[in-house]
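Colleague: Could you take me through this one, starting with the inside and then the charges?
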Amino acid sequence: MSLISYQHGVFQNLYHLVWTTKYRYKCMRKEKYRLAVRRALEAAASRHGIVFVELSVMRDHVHALVSAHPTMSASKALGLLKGASAYS
C-alpha cells in the first residue's frame, strides 16, 4: 500500500478490523451469503472512501484490512462497514 498525498500532507492509515455475528452464529455458511456480504461491504467502502487491502468473510466473522482517510477514525470505519454487512 503506497502513501497518499494531499495538499498539506502525506498519510497512510491502515486499520485491521474484525467483527463477529451475534452469538457467533454461523450465518455465512453458504457461499452465496458470503458473496452477498462481500458485495455489500465493497459497495459501502466505495461510498465512503474506504479501500480494502484485504477482506476475508468467514462463517461467523469478518476480517478486513482497510485504508481510510486520516479524518476517519477506526471506530467510524468499523461502524460504516458493520452497518453495511447487517443489511446484506
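Colleague: Is Ile50 buried or exposed?
Modeller: Ile50 is buried, at a relative accessible area of 5%, where buried means under 20%, exposed over 50% and partly exposed in between, with a 1.4 Å probe and protein chains only. This is a predicted model, in which local features need pLDDT of at least 70, side-chain atom pairs count only at pLDDT 80 or more, and totals for chains, interfaces and linings use all residues. Residues are numbered from 1 along each chain as its sequence is written, and side-chain values use heavy atoms, without hydrogens and water.
Colleague: What does Ile50 touch?
Modeller: Leaving aside residues up to four places away in sequence, Ile50 touches Ala45, Val66, Ser67, Met72, Ala77, Leu80 and Leu81, a contact being heavy atoms within 4.5 Å. The C-alpha atoms of Ile50 and Ala68 are 4.9 Å apart, although 18 residues separate the two along the chain.
Colleague: Switching to charges, how many salt bridges are there?
Modeller: The structure has three, each defined as a side-chain nitrogen of Lys or Arg within 4 Å of a carboxyl oxygen of Asp or Glu. One of them joins Asp60 and Arg24 at 3.4 Å, N to O.
Colleague: And how do Asp60 and Arg24 compare, buried or partly exposed?
Modeller: Asp60 is buried, with a relative accessible area of 12%, whereas Arg24 is partly exposed at 42%.
Colleague: Which residue pairs with Arg38?
Modeller: Arg38 forms a salt bridge with Glu42, the closest N and O atoms being 3.9 Å apart; Arg38 is partly exposed at 28% relative accessible area, and Glu42 is partly exposed at 38%.
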